[in-house]
Amino acid sequence: MKSDPKAADSKANSSQYSLPENIPTHVAIIMDGNGRWARARGLPRLAGHRAGVENIRQVIRAANDYGIKYLTIYAFSTENWSRPKGEVQALMSILEEVIDTETDELHRKGVQIRHIGQQDQLSPILKKKLRNAIELTKDNINLILIVAWNYGGRDEIIHAIKGMMADGIKPEEVSQDIFGRYLYTAGCPDPDLIIRTSGELRVSNFLIWQGAYSEYYVTDTYWPDFKPEELRKALVEYAQRERRFGRVGNTTPG
Ligand code: IPE
Ligand code: IPE
Ligand code: MG
């Protein structure tokens with residue numbers, strides 16, 4: 001699976017990936033590989049996280065330009081609490097900082113910020129900043145940016161079940177539609193395309209309900225090097241896929 005990420009980059013940097021017509025409505029990204037990006041340069045992991053944040057800015061702009069309507073970014077999982085305390089604290093501080101520095105600009109561009117994940121375990125100040133950013137941008141419609149922070153698919157499912165039980169939903173009333181309304185992603189279409197950077201072939205607890213029929217695209221490129229050109233490459237590949245949803249497709253032999 002591992003090939004030279006630099007080789008992948010130079011291929012993506014050629015201009016062969018012009019934008020296809022069939023743009024997915026919802027793209028979700030598992031932004032992985034910050035630590036390895038840093039290690040490859042002899043830098044501390046934190047430098048990788050900082051470079052990763054810089055890259056998010058470019059990718060959000062590109063997603064907006066390309067006509068993607070929903071962009072979900074997986075930035076901190078429920079399992080990431082098991083990392084060294086210093087790294088967890090640094091990641092929390094980076095999110096605070098990013099909210100401070102980026103919210104106004106995103107608001108100006110018509111980006112709506114949403115959050116999926118548990119907010120309870122976040123510090124009061126981070127919670128407040130997150131909620132303010134969500135409130136400020138709630139009427140924007142150009143791009144819905146869904147930040148998966150302290151997010152885990154299993155946690156989300158348990159949270160939804162608890163919500164249904166608290167509302168007294170009867171077993172015979174439970175349906176996929178009702179259940180979907182109790183997920184953090186209520187009201188969002190399922191992701192059409194899930195991208196994972198840094199070559200790992202696993203889901204890592206990301207959108208395990210919503211991704212049931214998503215198309216997957218994995219690149220060896222580490223997240224800080226995943227540039228708009230490479231997003232276009234993923235979109236080109238997506239446009240060539242035949243989504244069958246269990247049915248017989250056009251290219252299935254008859
Ligand atoms: C992704 O990069 C960012 C987070 C999970 C917070 P990693 O930190 O997982 O980088 P690698 O996988 O160790 O290279
Ligand atoms: C997935 O990356 C989570 C995020 C990108 C936030 P991880 O680096 O945490 O995943 P594993 O541990 O390699 O599965
Ligand atoms: Mg990782």
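## How to read the model

Residues are numbered from 1 along each chain as its sequence is written, while chains are lettered from A and ligands numbered from 1 in the order in which they are written. Because the model is predicted, local features need pLDDT of at least 70 and side-chain atom pairs count only at pLDDT 80 or more, whereas totals for chains, interfaces and linings use all residues; side-chain values use heavy atoms, leaving out hydrogens and water.

## Around ligand 1

Let's meet the neighbours, meaning residues with a heavy atom within 4 Å of the ligand. Around ligand 1 they include Met 31, Asp 32, Arg 45, His 49 and Leu 91. By class, this shell has three nonpolar, five polar (Gly counts here) and four charged residues.

Now for polar contacts, which are pairs of N or O atoms within 3.5 Å. An oxygen atom of ligand 1 lies 2.8 Å from a side-chain N or O atom of Asp 32, and one is 2.9 Å from a polar backbone atom of Gly 35. Alone, ligand 1 exposes 380 Å², of which the protein buries 86% (Shrake-Rupley method, 1.4 Å probe).

## Around ligand 2

Among the residues around ligand 2 are Ile 30, Tyr 74, Phe 76 and Arg 202. Five residues of this shell are nonpolar, three polar and four charged.

Asn 80 has a side-chain N or O atom 2.9 Å from an oxygen atom of ligand 2. For Asp 32, a polar side-chain atom is 3.2 Å from an oxygen atom of ligand 2. On its own ligand 2 has 390 Å² of accessible area, and the protein covers 79% of it.

Conventions: A polar contact is a pair of N or O atoms within 3.5 Å; within protein, one must be able to donate a hydrogen and the other to accept it, and residues adjacent in sequence count only if both atoms are side-chain atoms.
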